[in-house]
Amino acid sequence: MKAIKYLSVLFFLGAVLFSCKPQDQQKHSLDPVTKAYLEIKNGSKYTFTQPGDTNVVYVYNTTNYNNSQSNPDIENSEILSYDLVSPGQPKITIRAESGGTQFRDRIAVVTNRNDTNFVGPIIFNLDGTFSTITNSGDTVFSYLTYTINGKVFNDVVRVKLYNTEIYREIFFAKNIGLIARREKNGTLYYAKSYSIVK
């Protein structure tokens with residue numbers, strides 16, 4: 001009889017503990033348009049140059065690609081991130097986090113220069129429409145085609161920045177990712193060639 005009571009108590013405690021366990025939330029995935037512009041896997045390679053001197057080249061490789069769900073019991077958001085690295089050049093991290101069906105995907109560019117991280121731009125995507133932080137002064141433009149130094153890119157998102165520490169403009173192209181960046185001093189770097197792993 002004591003054994004039955006003991007087992008009943010254990011069963012009751014187990015049921016209580018199980019019911020207290022946080023339940024996983026509904027999974028929130030990145031918008032397919034966000035992934036079309038930004039999902040660039042390890043092994044991708046970009047050769048950036050300047051319009052004024054195409055002999056100057058910086059080869060960037062994609063590393064540290066990660067695509068996972070974060071905090072299944074709280075947000076269950078999909079997070080996508082990777083680094084673009086080139087010897088002796090600033091590291092550029094691209095990070096996108098899903099906002100779910102009621103919110104927008106959040107996209108950030110983080111540049112590490114001299115062991116200091118600079119965040120910007122930060123943009124959003126809702127149902128294929130890219131936008132910036134309200135009242136930031138930043139603007140987003142979309143182009144079916146965009147030409148940089150004679151090179152034509154399709155489906156381009158251009159982010160013009162009002163007040164950031166590193167960039168004036170950033171450009172992304174569908175299925176290519178980061179194609180150009182204009183630094184604060186006016187220097188433009190664009191991808192004259194690339195090999196993308198999707």
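**View 1. Arg182 and Glu169 are joined by a salt bridge.** The closest N and O atoms of this pair sit 2.8 Å apart. Arg182 belongs to strand 11 (residues 177-183) and Glu169 to strand 10 (residues 167-173), so the contact ties together parts that are 13 residues apart in sequence. To count as a salt bridge here, a side-chain nitrogen of Lys or Arg has to come within 4 Å of a carboxyl oxygen of Asp or Glu. Strands (E, at least two residues) and helices (H or I, at least four) are DSSP runs, numbered from the N terminus. Arg182 is partly exposed, at a relative accessible area of 24%, while Glu169 is buried at 7%. Those words have cut-offs: buried is under 20% relative accessible area, exposed is over 50%, and partly exposed is in between (1.4 Å probe, protein chains only).

A word on the model before the next views: it is a predicted one, where local features need pLDDT of at least 70 and side-chain atom pairs count only at pLDDT 80 or more, while totals for chains, interfaces and linings use all residues. Residues are numbered from 1 along each chain as its sequence is written, and side-chain values use heavy atoms, with hydrogens and water left out.

View 2. Look at Glu97 here: its side chain meets that of Arg95 at 3.2 Å, N to O. Glu97 also meets the side chain of Arg106, at 3.3 Å, N to O. How accessible is Glu97, buried or exposed? Glu97 counts as buried, because its relative accessibility is 11%. Arg95 is partly exposed at 34%, and Arg106 is partly exposed too, with 33%. Across the whole structure, the search turns up six salt bridges.

View 3. Two strands are called paired if DSSP finds at least two bridges between them.

**View 4. Strand 2 runs antiparallel to strand 3 (residues 77-85).** Eight bridges join the two. Within this pairing, Thr62 stands opposite Leu84 of strand 3. Asn64 is also in strand 2 (residues 53-70). The backbone of Asn64 is worth a look: phi is near 60°, a positive value in a residue other than glycine. Asn64 counts as exposed because its relative accessibility is 52%.

**View 5. Asn149 is another non-glycine residue with a positive phi.** Its phi is about 50°. Where does Asn149 lie? Asn149 is in the loop between strand 8 (139-148) and strand 9 (151-160). With 43% relative accessibility, Asn149 is partly exposed.

**View 6. Gly120 and Pro121 are joined by a cis peptide bond.** Omega for this bond is about 5°. As for where to find the proline, Pro121 is part of strand 6 (residues 116-126).
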